[in-house]
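Hello,

Here is the structure I promised to pass on. My notes on what turned up in it follow below.

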Amino acid sequence: MDDLSDRLTIALASLIFGQEFSEIPDIAVYGDVLDQWEKGYRQELEASIRDGDIGPRHTEIVDYPKNDISVRPLARFSAPDRLVYDAIVFEISPELDQFRHPSVYSYRWNHRDGRPIFWRRSWTQMRRRARATLWSNWDFKMASLDVSSFYEHVDVELLSDDLAMVSSNEEAVGRITTFLKKFQSINHAWGLPQGSDASGILANVYLAPVDEFLQRHELPFFRYSDDITIFDESWNALRDALIEVNRIFRSKRLSMSSHKTAIIDFQEAIEEEVLSARKASIDQAVHSGEPEAEVDVHSYFDEVISADKPNASDLKFALNRLRDMADDYAVGWCLDNLRFVAYASREIFAYFAECGYRQPQIRRRLEEFMHSSESASYPYIEQRVLRYFVRLGIGSEEMKSAAWAIMEDKNREEFPREFAVRYLGGVASASEAQLLRHKFEGEASFAMRRALLMALYESGKLSERYLRDVQYSLPELRWACNYLRGNPKIPTS
């Protein structure tokens, strides 16, 4: 793909579509970017790439929960930086995908449509093929492994060498390397930025030596990013393979995750597949509207939460099925355990949105949480709570006071502060709108100024004269100003 304009447009489509699945969604679903795309926004990005003016200017590193204790660092770029990053990687993505082994299913490229393939379809295809491989030989044993903090430990210099070996486009490789080095130099982060399909495409190349080793030794395997499954009849052969794979990892500055590495026999593997088959059966029952679906989902949910620490994947599956049925069975448990399962915040709040008849209870409990001493420790939950109130248009004095406290606390992460501002804009009195304007004028952060400008607009107190003054004094906000002149209904989802 050679056309920069097309690549940027595909990057925009991926960015907006991905908001549904984003852990840290944008306050306006990038409605201002989409509105201004053909009015100069895209052309400005094209010019910056051609001039070599690339690299993130500001990145918020968000510690997003993996379970009740551990976190993973998500890189939250500005919209221009994220679009530039994706576009420069997409330039060589077709070459990189041609290099991908057929047993690698992570972050694949659709050569016909010229865009990334959505992850869910690839994951399902991989699981289907792995299941078929297992059943093809009852003597098979299965080894599974992954990398500890994989994205964080990708060495940019080694990756740059890998890209140069695969791609003939030296300029494109140089742009990617420059961007990643700048990302590392200005943030408390390293490796590949998490949260973008572009990083996944680059990561495929980084682990290609593992694929080559397994293929040369004729070991059936499947890989999704750093999640690898290998099959063989011999336990020793699998152990030897794991040792050699670990050596390859070390050469790439990576280490194998010991608690996720195991070799299991056919029967144990089949038991895992039975659990997967049960999920598939429940999913089918729900989407077919079968009468027993409610009992099956309730039973499955009860089994998941009976564990000392619920399995994250299983909990999300159960919540999504309950959401599909608009079944309020788990509402009380979710409200009681919200901070312990913060990693499922996205699924929980999507579920709450489908249980409208429980809204008074949900609203009251969320207000209590936001006024508790614990809420500041869970900014990702605060963001979801505020987004929930914004989406449903719920006016609440309790939530308003919590939102003011979050917005005025500059020691908090930006992403909950932005949604606090967005909420305040919808419920602000005339005097509160004046105070929001004062906060706007004293705010240094571009992201917060953008949020405050939209809040002033939604309060109904943003005059055309003031909008002109903002655009003149703060040209970086001109796209948002032009967007708001069109009198839009700012989206939230």
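Let me start with charge: the chain carries 61 positive and 79 negative charges, and their mean positions are 4 Å apart. In that count Lys and Arg are positive and Asp and Glu negative, while His and the chain ends are not counted. Each charge is placed at NZ of Lys, CZ of Arg, CG of Asp or CD of Glu.

A word on the source: this is a predicted model, in which local features need pLDDT of at least 70 and side-chain atom pairs count only at pLDDT 80 or more, while totals for chains, interfaces and linings use all residues. Residues are numbered from 1 along each chain as its sequence is written, and side-chain values use heavy atoms, with hydrogens and water left out.

Now the overall build. The chain has 24 helices and eight strands, taken as DSSP runs (helices are H or I with at least four residues, strands are E with at least two) and numbered from the N terminus. The radius of gyration is 24 Å, close to the 23 Å from the globule rule for 493 residues, so the chain is as compact as a globular protein of that length. That radius is taken over C-alpha atoms, and the rule is 2.2 Å times the number of residues to the power 0.38. Along the principal axes, the C-alpha atoms fill a box of roughly 75 × 60 × 40 Å.

Of the 493 residues, 53% are buried (under 20% relative accessible area, with exposed over 50% and partly exposed in between; 1.4 Å probe, protein chains only). Among contacts with a separation of 6 or more, 70% join residues 24 or more positions apart, a contact being heavy atoms within 4.5 Å.

For Cys 355, the nearest cysteine sulfur is that of Cys 334, 8.8 Å away. Cys 355 is buried at 0% relative accessible area, and Cys 481 is buried at 0% as well.

Finally, two backbone details. Most residues other than glycine have a negative phi. Val 29 has a positive phi, near 50 degrees; it sits in the loop between helix H1 (4-17) and helix H2 (31-36) and is buried, at 10%. Tyr 107 also has a positive phi near 50 degrees. Its loop runs between helix H5 (93-99) and strand S3 (109-110), and Tyr 107 is partly exposed, at 24%.

Best wishes

Technical notes:
Disulfide = S-S within 2.5 Å.
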